[in-house]
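Here is a walk through a multi-chain model, taken one piece at a time.

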Amino acid sequence: MSKYKMHVLVCGGTGCISSESEKIVKNIQECLIQHKLEEEVQVVQTGCFGFCEKGPIVKVLPDNTFYVQVKPDDAIEIVEEHIVKGRKVDRLLYKDPGSKKAIEDSKHMDFYKKQMRIALRNCGFVNPNNIEEYIARNGYYALGKVLTEMTPEQVIDEIKKSGLRGRGGGGFPTGLKWEFSRKSKSDKKYVVCNADEGDPGAFMDRSILEGDPHSIVEAMAICGYAIGADEGKVYIRAEYPLAIQRLQKAMNDAEEYGFLGDHILGTDFSFHIEIRYGAGAFVCGEETALIHSMEGERGEPTIKPPFPSESGFWGKPTNVNNVETFANIPIILLKGADWFRKIGTKKSPGTKVFALAGKINNVGLIEVPMGTTLREVIFDIGGGIKDGKKFKAVQTGGPSGGCLTEKDLDTPIDFDTLVEKGSMMGSGGMIVMDEDDCMPSVAKFYLEFTEEESCGKCTPCRIGTKRLSELLKKITSGQGTEAHLQELRRLSVVIKETALCGLGQTAPNPVLSTLNNFEEEYIAHVKDHQCPAGQCTALLQYKIDPETCVGCTVCARVCPVNAITGERKKPHSIDQKICIKCGSCYDRCPTHAIEKR
Amino acid sequence: MSKIKSFEELKQLRKKVLTHMDIREKGDHIEELVEVRVAMATCGIAAGAREVMNIFVNKIADQGLNNIVVTQTDCMGYCYAEPTVEVRVPGKEPVVFGKVDEEKIQKIIDQYIKKGELLDGVIPMTHKEMED
Amino acid sequence: MSDVKLTIDGKTIEVPKGTTILEAAKKLGLFIPTLCHLDLHDIKMVNQTASCRICVVEVEGVRRLMTACSTPVSEGMVVRTNTMRVLNARKTVMELILSDHPKDCLICPKSGDCELQDLAETLGIREISITGKSQSVYKKDFSPSIIRDMNKCIMCRRCETMCNDVQTVGALSGINRGFDAVVSTAFESPLVDTVCTHCGQCVAVCPVGALSEQDNVWTVVEALADPEKIVVVQTAPAVRVALGEEFGYEPGTIVTGKMVSALRQLGFNYVFDTDFAADLTIMEEATEVLDRLKRYLAGDKEVPLPILTSCCPAWVNFIESQFPELLDIPSSAKSPQQMFGSIAKSYYAEKLGIPREKMIVVSVMPCLAKKYEASREEFQVDNNPDVDLTISTRELAHLIKQANLNLHELEEEKFDQPLGESTGAGVIFGTTGGVIEAATRTAYEWLTGKELKNIDFEQLRGMDGVRVATVPIDDFKLNIGIAHGLGNARILLEEIKAGNPRNLHVIEIMACPGGCIGGGGQPYHHGNIEILKKRSAALYQEDRNKPIRKSHENPAIQELYKTYLGKPMGDKSSVLLHTTYTAKEKV
């Protein structure tokens with residue numbers, strides 16, 4: 001039994017670290033020493049808790065107290081009040097936005113209530129740098145079980161039975177993929193972990209690697225055993241230094257403990273893992289492009305077949321799965337396929353991690369059973385829309401996905417329903433938009449992204465995304481015509497049908513889904529040259545209502561281009577030819593006499 | 001660390017390290033456990049609350065009582081009876097014990113927690129109303 | 001391999017497993033349009049990037065459209081190649097390509113030979129409705145051989161496949177991303193600063209005007225118009241069997257006589273033959289071979305063997321940058337083009353009694369690397385190059401057309417003497433295996449002192465990329481290696497580096513697939529590799545037609561040695577006809 005009486009967990013995810021969580025750890029430790037409690041209280045830096053909106057997070061155990069937005073200076077109070085005197089620090093507790101009441105235990109927070117953490121089971125719970133904590137959480141038990149009690153075929157069968165589908169985007173059945181790799185005959189095979197997380201706003205893979213790196217090491221070894229590979233590669237973007245560092249540490253420790261290397265757990269199975277760095281190209285998340293990048297070639301996709309499971313890294317059978325997929329593997333083998341199948345929907349068992357972002361109250365990382373509705377995710381877990389604004393749309397699947405609207409809110413989310421609705425799961429990015437968001441601008445944002453990130457190999461993606469983005473630029477700057485809308489649609493359809501890889505095939509999704517769901521908004525842009533959301537500056541007009549204007553001259557003084565004239569105490573007016581639509585007058589008018597249209 | 005050479009060895013190691021996570025695992029489902037709250041206000045500490053807490057923790061560990069978790073709490077207002085502990089058994093009203101010492105701790109564990117028998121030194125509950 | 005049954009446009013066909021939809025359709029007589037696709041199976045060049053997306057077809061049960069060039073057939077597959085959906089996609093993709101392509105077809109070097117232009121015509125594109133007007137812009141790159149105008153690049157990647165996979169040179173690769181993606185050199189360096197061998201095979205496969213030759217036609221016209229200059233022309237063997245194609249002749253038609261007549265009418269003062277210089281090359285090279293072999297047979301283990309031919313300038317560039325450690329093994333003999341230039345501006349200029357500066361030597365070559373070779377410093381005397389201007393077969397065709405000459409109606413004429421006299425041995429220089437066959441004919445007679453009865457060394461001929469043959473010369477067995485295409489050359493060079501296990505004595509290497517007949521300056525074959533075979537056959541035919549078929553029997557050559565050079569590898573010929581190689585460090 002450990003001598004510690006209390007544990008203080010401090011979030012050590014990249015987000016919280018940038019909010020000085022490391023200093024919090026240091027201050028707590030120093031303060032504990034002052035109180036001679038360093039032997040009784042253990043301070044642990046964990047992975048991400050997911051509730052990034054309110055980070056940095058500090059959690060005190062065993063009383064399960066959840067502190068939010070903790071600053072380094074708050075450390076003293078937490079120690080002296082809570083740890084020494086048992087008085088919880090009320091001002092650092094999370095306040096329920098509805099009842100305004102403080103909630104001590106995170107389990108009672110709406111944010112966590114409906115979550116079910118499988119892939120994230122150890123994130124925010126264990127010290128990712130401590131292999132024994134992982135072992136205590138049943139870590140490497142699945143590997144031990146698999147190596148000693150199961151044949152590779154049985155492992156594959158179990159994964160197949162679980163119905164686990166690839167969490168990286170397409171949702172291809174993982175067990176089937178493993179089976180293909182197993183059946184490919186070769187003297188050498190590879191297991192590749194795709195950690196090239198590229199969707200803007202998605203960071204679940206990073207969080208898992210930062211918070212629970214051993215689960216990936218274990219899963220890759222299991223996969224190696226199942227398909228008959230003795231070498232694994234983790235392809236990770238170099239912009240993830242913390243994840244790389246923790247993964248490397250995990251690999252070193254696993255090797256030291258005998259979970260990696262030769263004759264793992266005394267068996268004939270040997271497995272080695274190496275980290276390969278990517279330069280952060282979105283397209284390198286596509287598995288053939290990823291493999292080329294690992295080979296030192298230009299990171300661009302090639303035609304399939306041959307699939308990597310037949311001919312991948314250096315032409316050898318290669319099984320590529322993403323981080324979140326791997327994170328599910330050990331627990332499936334521990335608890336069994338039947339347990340896993342009971343979670344989620346029939347065709348998409350299990351849970352899915354989503355990264356909530358945009359105009360939502362609780363920005364962060366969540367994990368819910370498949371089949372949870374968008375409404376539950378956005379309003380219950382996500383806490384609804386910021387500043388009480390109206391929900392307009394949610395973009396799922398990142399740049400490859402589409403936007404879903406009010407009418408889709410009660411759709412149970414899984415791989416297939418999202419595709420049916422014109423979007424996709426992707427890696428699980430979820431960006432929420434409110435009434436102030438202009439949908440053609442949203443589409444433009446995504447197209448600018450894909451246009452940049454296209455590898456440039458195939459015509460539809462190289463030139464097509466450029467043309468789409470040009471069209472959207474025209475539309476949002478008031479130079480659009482109705483013919484442009486038709487062209488937008490025609491091009492989108494052709495790009496979808498003809499592009500070489502998933503990036504290009506899905507690139508028009510944001511255009512098509514906004515066009516389908518918000519056609520009237522597009523028409524307003526091209527026909528009336530108006531932006532209903534008031535976001536497209538080129539289409540805006542600021543006007544002073546002579547009735548409300550009191551002639552205080554504030555607007556004329558703040559106008560940077562002297563577009564506003566008028567006598568003191570008399571209504572002012574804006575010269576539209578000079579106005580640059582900066583909005584300074586609008587923000588400053590004390591009588592709200594300036595209207596924006 | 002020498003290499004783990006078999007699944008059996010892994011299982012052994014797991015047993016050994018399981019306790020590292022004990023506090024966290026318990027905290028994770030605290031509502032299913034018997035919670036012993038030691039009052040840790042200045043008066044409590046002066047009367048030996050920290051010592052009481054240590055004894056509780058050690059006894060629980062020694063006897064392998066995995067269903068009990070020890071936490072601390074604020075002054076409960078029974079300064080005359082410090083050290084005090086509140087014991088919360090799931091499904092039952094919390095009970096506060098005063099003037100707790102090592103002998104009493106053993107009794108609390110053996111009689112109240114294990115068998116559900118009340119013992120002397122129970123302080124009538126008032127703070128419930130105060131909270132409301 | 002088992003057969004797969006499928007239906008394309010309602011017609012059923014059985015094809016072997018692994019066949020692509022495109023190939024299966026071809027068997028049915030259905031020609032699905034392609035652009036990036038290029039299948040030069042015989043030289044192991046298959047560009048299957050599937051990047052242009054022109055060849056899309058509908059496959060039943062598949063949601064998106066599939067590229068016919070890359071999708072293997074499967075049992076029961078139902079394919080449609082001409083539905084509205086397919087046609088619309090094809091047209092839109094084409095419009096996308098055109099929206100990012102310069103519209104200066106009228107002055108494009110590829111005009112008339114452009115596959116993109118042809119495709120636009122096939123698809124009946126009459127307007128480009130895609131409104132994006134921006135066009136990617138890159139700096140033009142001029143090397144002595146090749147011009148890269150990457151604004152015209154359509155990213156088919158054929159050049160890259162050719163340069164990297166077939167030639168294993170590695171000068172070209174895709175760079176940048178998205179709209180700015182283009183094929184370029186490392187660090188976007190000018191081609192001359194890279195490992196580029198100037199073989200011009202990239203130009204040979206480029207479907208558009210992105211890669212073209214450095215065009216010297218107008219400079220030639222200016223030279224011809226200069227009354228102060230004596231303009232001499234030499235024509236390489238491979239030109240005469242390909243030039244006709246530009247005028248509608250069947251591939252493999254020999255137009256030597258008409259070409260001579262055209263050149264004469266164009267105003268060249270003397271129309272000579274590189275074949276003469278090829279015979280001269282054999283004199284020097286065979287001497288060198290025998291010299292090294294005799295020393296070797298006498299027990300000298302230091303003799304650099306095998307000896308490598310050195311006629312091909314791209315090949316010389318290749319070894320200089322890629323195998324600098326092997327620079328002591330190639331023959332030091334200059335290439336026929338440079339031997340000709342050297343002799344023309346010394347021996348022949350003296351004969352005419354003019355200073356070398358007054359003479360302009362123009363060469364007509366099937367090759368683009370020859371342009372680079374002519375510009376090399378070691379082939380100049382007092383800043384005056386031995387060969388002033390090199391034009392390709394294609395450029396000569398343009399020149400002839402510009403001068404309103406109709407090749408069909410020209411009388412056949414003969415080369416001028418003496419530098420127009422040649423043997424059959426010189427002629428076959430133009431095809432893979434030809435140089436070594438020519439050398440063997442001479443070496444045999446010199447070594448044995450006997451007359452060679454059977455001149456045709458069939459074992460040295462053919463189109464296999466790497467060939468090894470043994471020719472018995474009395475009781476000595478001469479082991480010969482032949483490679484064409486630089487990737488194949490690399491195989492042999494690696495073998496030599498690994499200790500020459502097959503004990504090869506001589507190796508002929510040609511940079512271009514097929515040898516000079518497949519040179520980067522020849523009329524475009526547009527993927528029809530049969531053309532190369534016909535050109536090759538024509539060269540052997542020309543060889544058979546020659547009364548003299550051994551280089552050392554060329555009377556003009558004998559006269560040259562007697563009156564001017566002395567003996568092969570003698571003092572004078574060493575200066576005029578031999579060169580040295582330097583290692584080049586390039587990216």
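Let's begin with a pair of helices in chain A: α10(A) and α13(A) are roughly perpendicular to each other (the label covers angles of 65 to 115 degrees; under 35 degrees is roughly parallel, over 145 roughly antiparallel, and the rest oblique). Their axes cross at roughly 75° and come within 8 Å, with α10 spanning residues 213-227 and α13 residues 323-335. Axes here are lines fitted to C-alpha atoms, for helices over the stretch in contact, and angles run from 0 to 180 degrees between N-to-C directions. Helices (H or I, at least four residues) and strands (E, at least two) are DSSP runs, numbered from the N terminus.

Before going further, keep in mind that this is a predicted model: local features need pLDDT of at least 70 and side-chain atom pairs count only at pLDDT 80 or more, while totals for chains, interfaces and linings use all residues. Residues are numbered from 1 along each chain as its sequence is written, and chains are lettered from A and ligands numbered from 1 in the order in which they are written.

Which residues of α10(A) and α13(A) meet? On the α10(A) side you'll find A:S215, A:I216, A:E218, A:A219, A:M220, A:I222 and A:C223, and facing them from α13(A) are A:V323, A:F326, A:A327, A:I329, A:P330 and A:L333. By class, that contact has 11 nonpolar, 1 polar and 1 charged residues. Two residues are in contact if their C-beta atoms, placed from the backbone, lie within 7 Å. As for the classes, Ala, Val, Leu, Ile, Met, Phe, Trp, Tyr, Cys and Pro count as nonpolar, Asp, Glu, Lys and Arg as charged, and the others, Gly among them, as polar.

Both of those helices turn up again around α7(A), whose buried residues pack against α10 and α13 as well as α6 (141-149), α8 (174-183) and α14 (337-341) of chain A. Within α7 (residues 152-162), the buried residues are A:V155, A:I156, A:E158, A:I159 and A:S162. Seen down the axis of α7(A), they fall within an arc of 160°, so they line one face of the helix. The arc is that of the directions from the helix axis to the C-beta atoms. A residue is buried if 20 or more other C-beta atoms lie within 10 Å of its own, exposed if 12 or fewer, and partly exposed in between, with C-beta atoms placed from the backbone. After α7(A) comes A:G163, with a positive phi near 75°.

Now for a sheet. In chain A, 4 strands form an open, mixed sheet in the order β2-β1-β3-β4. β2 (41-46) and β4 (65-67) of chain A are at the edges with a single partner strand each, so one side of each has no neighbour in the sheet. From one strand to the next, the twist averages 20°. Inside the sheet, β1 (residues 6-11) and β3 (residues 58-61) of chain A run antiparallel and are joined by 4 bridges; A:H7 has A:L61 as its bridge partner in β3(A). Two strands pair if DSSP finds at least two bridges between them.

The loop between β3 and β4 of chain A holds A:N64, a residue other than glycine with a positive phi, near 60°. Is A:N64 buried or exposed? A:N64 is buried, with 21 other C-beta atoms within 10 Å. A:K569 also has a positive phi without being glycine, near 65°, but A:K569 counts as exposed, with 10 C-beta neighbours inside 10 Å. Look for A:K569 in the loop between β17 (564-565) and β18 (573-574) of chain A.

Two cis peptide bonds deserve a stop. One runs from A:K304 to A:P305, with omega near -5°, in the loop between α12 (287-294) and β10 (318-322) of chain A, where A:P305 is found. Another joins C:Q417 and C:P418, with omega about 5°.

Finally, the chain contacts. Chain C puts 29 residues in contact with 30 of chain A, and α2(C) gives the most to chain C's side, with 7 residues.
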